[in-house]
Amino acid sequence: MRYIFFSLLLPFCLTSSPTSTLALEYKSEHTQNHNFASKSIDETFYTRASQLVQQQIDLIARIEQALTDPDANRLRSVRGQLIVQTKSVEGFVNRQYTSPVTLCVPRVDLSVSPLPNQLTKSQAQIYCSLYTSSQELLKLSPMLDRLLSRRGELALVRQLPLVTGERQFDPVLSIAPIQHPNLSQVATPFSTGEPNISTDTLATEQQFTEIFSPSVIVARTAKTAIANYTPPLQPAIAPPVEALTTLANAKQILTATQQAFPPEIKFTDPQETAVTLDRFAYDLDPQESQTYAKFLELPHTGIFRVLHSSAYQRPLNTLQNRLQPSVSERYPFPLLGDAQGEFNPSLALQLVGDRFQLGHQGVDYSFMLDVGDVPLEQLDGKLQTVASPTRQFFLNYQPPKQLDALQVERRRFLTGKDQNWNQSQAILAGATAELNHTYLVRSLQFHIPKTIAIGQPISQPERPYYLNQLQQIQSSDTLLAFRAVRRRSDGSYTVLWRVLNQLPAPQIVDVE
């Protein structure tokens, strides 16, 4: 009987055992799938969050640039981008947790905040940082609208395109459709019609201004190249302090939250990239100073990059914020000695066309000569390795002592005319640029009092006072040489320079 009972129970045991085994296997597979799904969700969160953080960082950099740029279209672009970015962040945070205000406000610190089940502590920090920084940037909306109205005083602000499906025509010319703006292009400034003069004839923006200024000739009023023409005054745009504070707060939040991301996720700073690109365009390469380190150990030597004159000029019929540092301010010319208050003699060497030339102001002038492939180390203050006629001229030349005569002398070197110096060739203010050639330069620079420089009439009783000022002006007379050692694809050169001798400072004893 007992055997009959076990024989009846055996089939049930056999059928129940696989079921239990299958249940255990299913539970194990379900756990693995759940872990895989959680990992996939985490990866999706960090991927999308990192994209939004990088977009937010890029937007901050674009807004900072638009705040100081006179272009109205750039300001309109960032205004629209701010709306799109805000909506993107709102959609992301609402998909993760529907109440960001409860979780994140009034502080980003989550130590006492209840975390939702679907977010880890690092994810909640990223979540709140994105939300908080986005809300901080949203405060700029009314400020950007106000600034855009001011930009409309400088350039033409066209209507934005209508929504898809609508069409509008010009109210006067019914056959001509309205021209919609392209925000990727610069808005057309109102101050157009500047004279189209080749940049190769100009050395600096200061000289461009002087061409049309009544004070081209120092201490006198001269005719202008274009009658009754005044160059347009460029706008001075200072960013609002409150806008900069808001941007700094948002950037600080985003910088702090980058630590919460996995280490393999990296972020780029567009401002650092912009600085790197700016240096690449205008400055020396870092390794160049190391390459010529032995030469630079010599006294009164240096290395710098010679740019085309157009780099220092504002393009015609464009707007430029005159409060922003220019190329010559960001990358100043090398000084040829110790600074003397407001008077700082410098080597303002530029490329004008295919020629090296010094960009001088006022009555400053210079002359140079290509002496060929002569190493700078072989040149000294007595120019013993230079041919005799050239050596005698560069060492013995005496500048005039009258202000008018100085300006005549300056034009003589610029044009090459009326030179009675018994030289086999004209001595000019510039020379053709050649790689691995050395150039000998004599540079004379003066610090003329402003009252005399602008040509203000001087009465007879005031004449002794100004003559005394002339005799006390600061000046320099420098004999130097430079050598072109590298030419880049953009035409700019890297040059080594060396001061050979500081000659006695020239004096001005009278106006005429």
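Modeller: What follows is a set of questions on the labels, with the values behind each answer.

Biologist: What kind of model is this, and how many helices and strands does the protein have?

Modeller: This is a predicted model. The secondary structure comes to 15 helices and eight strands. Buried residues account for 39% of the 512 residues. Among contacts with a separation of 6 or more, 75% are between residues 24 or more positions apart.

Biologist: What makes E288 and R486 a salt bridge?

Modeller: The closest N and O atoms of E288 and R486 are 3.0 Å apart. The cut-off is 4 Å between a side-chain nitrogen of Lys or Arg and a carboxyl oxygen of Asp or Glu, so the pair qualifies. E288 lies in helix α9 and R486 in strand β7, so the bridge ties together parts that are 198 residues apart in sequence. The pair also belongs to a network of salt bridges that links D285, E288, R486 and R488.

Biologist: How do you know on which side of the cut-offs R442 and D477 fall?

Modeller: R442 has a relative accessible area of 2% and is therefore buried. D477, at 3%, is buried by the 20% limit. These two residues form a salt bridge with closest N and O atoms 2.7 Å apart. R442 is in strand β6 and D477 in strand β7, so the bridge joins parts that are 35 residues apart in sequence.

Biologist: What is the case for R74 and D69?

Modeller: Their side chains meet in a salt bridge at 3.2 Å, N to O. R74 has 31% relative accessibility and so counts as partly exposed. The structure holds 15 salt bridges.

Biologist: What makes a set of residues a nonpolar core here, and which members of the largest one touch the most others?

Modeller: The members are buried nonpolar residues joined through side-chain atoms within 4.5 Å. The largest core has 37 residues, and I126, L130, L137 and L140 touch the most other members. Helices α1, α2, α3, α4, α5 and α7 each supply at least two residues of this core. The largest share, eleven residues, comes from α1. Leaving aside neighbours within four places in sequence, I126 is in contact with F45, Y46, A49, T257, A260 and F261. Apart from this core lies another, of 31 residues, including I303, L376, F394 and F413.

Biologist: Why are β1 and β4 said to stand at the edges of their sheet?

Modeller: Five strands form an open sheet in the order β1-β8-β7-β6-β4, with antiparallel pairing. β1 and β4 each have a single partner strand, so one side of each is left without a neighbour in the sheet. Neighbouring strands are turned by 30° against each other on average, direction ignored.

Biologist: How do you know that β4 and β6 pair?

Modeller: Pairing needs at least two bridges, and β4 and β6 have seven in the antiparallel sense, so they qualify. M368 has V441 in β6 as its bridge partner. Helix α13 packs on the sheet, touching β4 and β6, and its direction makes about 30° with that of β4.

Notes
Residues numbered from 1 in each chain as written. Predicted model: local features only at pLDDT ≥ 70, side-chain atom pairs only at ≥ 80, totals over all residues. Heavy atoms only, no water. Helix = DSSP H or I, 4+ residues; strand = E, 2+ residues; numbered from the N terminus. Buried < 20%, exposed > 50% of the residue type's maximum accessible area, 1.4 Å probe, protein only. Contact = heavy atoms within 4.5 Å. Axes fitted to C-alpha atoms, helices over the stretch in contact; angles between N-to-C directions.
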